[in-house]
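These are my notebook entries on one structure. I record what I looked up and what I found.

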Amino acid sequence: MYSRAYKWIVSTPPILWVTIFLLIPYALMLAHSFWLVRDGMIAHEWNLQNYAKLFQNPVYLEVLFRTMRIAAGVTLLSLLLGYPLAYYMSFHAGVRKDLLYQLVIVPLWVSYLVRGYAWKTILGSEGVLNGFLQYIHVTKEPVSFFLYSPFAVVLMLTHIYTPFVFLPLYASLEHIPRNLVEASHDLGAGSRATFFRVILPLSLPGLLAGATFAFLLTLGDFLAPLLVGGPSSIMIANIVQSLFGTAYDWPLGAAISVSILLLTISLLFFTERLEKRWSFR
Amino acid sequence: MTQTGPSAEQALAGVVSGNVLLEVRNVAKSFGPREVLKHISLEIAAGEFLTLLGESGSGKTTLLRLIAGFEQPTSGELWMGGERLDTLPPYKRRVNTVFQNYALFPHLTVQENVAYGLQVSGAAKSEIPGRVNEALQMVKMQEFAASRPAKLSGGQQQRVALARALVNRPKLLLLDEPLSALDANLRKQMQGELKSLQRELGITFLFVTHDQDEAMALSDRIALLKDGSLEQVASPREIYARPTTSYTAEFIGQTNLLRTYIKDEVATCGCLQWASTLPDGGALFSVRPESIHLSNDAAASSDAVRFRAVVRQQIFSGSSEHLELDAAGQSLRARIPARGALSGEHEFWFSPADAVPVRE
């Protein structure tokens, strides 16, 4: 058993850390969301008008829905890329498994910004993609809609978040006992039936975890729209950023942040319930 | 001496009369440089309970997996009912498996687990509930139909695995050490149930185990494997009474291996001598401990091999005494009916008919 003093010494730093850098900022944000700005100054008067604004001004909801559409697109695309990859690696890669795993992980070590700029050089009007298309005479002039569109944002974020989707998926596929696959074949099921009746249902917790990662990380992203998105793909975090910056309306920014936080928490709560139901250990 | 049970006789007769269900023809299997099975040939009769017995690493599970279709033989062929089996994928074979750790689908209920084989092989929808119920009834698990496998005990999971494998009405059921995870009492009970189930259904069972008692209790015939080769294939009584190799004699039951020299039809081992028709030269004989008798207890026949031996150790086990004997330097194990403490030198004997010549 550990002594009282020992328990105090080891638990105090993390508690302090969480309090100073998490709980107090959240409390401040929550407080700000009920204040207002008057004459360019934040006035500490409790009110609900920030939240009312969210529903009165259609821009906010529109941007929020666009953000969720982009997040859904990223989630879907990274699942479509990540699942076959994880499935192949777990069941068919054999001795190349470890090498392939490293290759999936390595991009995570490269800075987010560098990967963003890489897409700029690929998609831009002077970029690699346009150069190639003109070279093979598919297009005569540079195509401008590759870059600065929601499409570019989805593409870039899919590239960045696919490993996050892949990792939990791969882990859940690796956890499926191989004799279950053998039992399925033994009972008369071909590869297709085995996949849909055994492998897919047993990988649902991993699939859900991966999808949650991709969706929530995209929901809070503000760099991709800045780098490759352009004005047509402004996302909710960009609005928060500008409200806390040049627009100087911290209370409204805080209200949006609190709303997104609530959305995120309820989504996590929901997926955790589902994950529990889908794990049969 | 070789008093085989009726079902064993039927099984053997089946093989002879050509009523062969599965034929293993010269099958070999290597994993890289490691040769796991070395040219195995074996015939399994329809309706037979055949056990693949062997130590771990003897290749018994590999042979089972080849028949199920989870592995491909390196060379050789498998035939079932006049059809080439080894070229078929596992899901097209009329063979089902009871896995060592049951391999029940954790996301499906007991009922759904059993129905799985019927659903994927396209059985008529109207037929499925009835057959599932029938299979669950067979293993007395109807009341757990709606439970998930994680809620069941080992023995219950075992029964579900059995029902799941039998619901497709396979011609051949493969059982991979299905009882090894159960405790001793449950194991005994399940052995009895397995045996009666096999008799009732008339399905051919190919059973893998490393437990010789289990093999003896259940099988019509035992195929003993050693280092990827078949050592002997015979009924339990035959394999016990007439082992052909020293490995078989020692693996199944206990024995005394006597190294003799034969000259002019007389086998000699130290102070022991008996008539043998084997050619001159060295020979190895197996004499079971219970074949050795105390002269005071049982009158020796005229041709008996008599010898005097010192009782080195005596262990009482209820109905019998286990003796360690020293017959002029040759140590022997004997098992005689319980009779009280023995000490010093006594006369013992065994019948030459009980000295079975075995290969090294």
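In which helix of chain B is B:Ala241 found? I located B:Ala241 in helix α8 (residues 236–241) of chain B. Helices here are DSSP runs of H or I with at least four residues, strands are runs of E with at least two, and both are numbered from the N terminus.

I noted the conventions before going further. This is a predicted model, in which local features need pLDDT of at least 70 and side-chain atom pairs count only at pLDDT 80 or more, while totals for chains, interfaces and linings use all residues. Residues are numbered from 1 along each chain as its sequence is written, and chains are lettered from A and ligands numbered from 1 in the order in which they are written.

**Entry: B:Ala241.** I found B:Ala241 partly exposed, because 18 other C-beta atoms lie within 10 Å. A residue is buried if 20 or more other C-beta atoms lie within 10 Å of its own, exposed if 12 or fewer, and partly exposed in between, with C-beta atoms placed from the backbone. I also looked up B:Pro89, which is 152 residues from B:Ala241 in sequence and 40 Å away in space, C-alpha to C-alpha.

**Entry: chain B as a whole.** I recorded 9 helices and 20 strands in chain B. The C-alpha trace of chain B spans about 75 × 45 × 40 Å along its principal axes. Of the 360 residues in chain B, 40% are buried.

**Entry: helix α3 of chain B.** Helix α3 (residues 110–120) of chain B has 9 of its 11 residues buried, so it is largely enclosed by the rest of the structure. Among the buried residues of α3(B) I listed B:Val114, B:Tyr116 and B:Leu118. Their cover includes α9 (191–219) of chain A, as well as α4 (128–138) and α5 (154–166) of chain B. Just after α3(B), I saw that B:Gly122 takes a positive phi of about 75 degrees.

**Entry: where the chains touch.** I looked up the contacts between the chains: 19 residues of chain B are in contact with 17 residues of chain A. Two residues are in contact if their C-beta atoms, placed from the backbone, lie within 7 Å. On the side of chain B that touches chain A, α3(B) gives the most, with 3 residues.

**Entry: positive phi values.** B:Tyr102 has a phi near 75 degrees, a positive value in a residue other than glycine. I placed B:Tyr102 in the loop between β6 and α3 of chain B. B:Tyr102 is buried, with 22 other C-beta atoms within 10 Å. B:His39 also has a positive phi, near 50 degrees, and belongs to strand β2 (residues 34–45) of chain B. B:His39 is partly exposed, with 14 other C-beta atoms within 10 Å.

**Entry: a helix pair in chain A.** Helices α11 (residues 236–244) and α12 (residues 250–278) of chain A pack at an angle of about 150 degrees, with their axes 8 Å apart. Axes are lines fitted to C-alpha atoms, for helices over the stretch in contact, and angles run from 0 to 180 degrees between N-to-C directions. I therefore recorded α11(A) and α12(A) as roughly antiparallel to each other, a term for angles over 145 degrees. The residues that make the contact include A:Ile239 and A:Leu243 of α11(A) and A:Ile256 and A:Ile260 of α12(A).

How values were computed. Angles under 35 degrees count as roughly parallel, over 145 as roughly antiparallel, 65 to 115 as roughly perpendicular and the rest as oblique.
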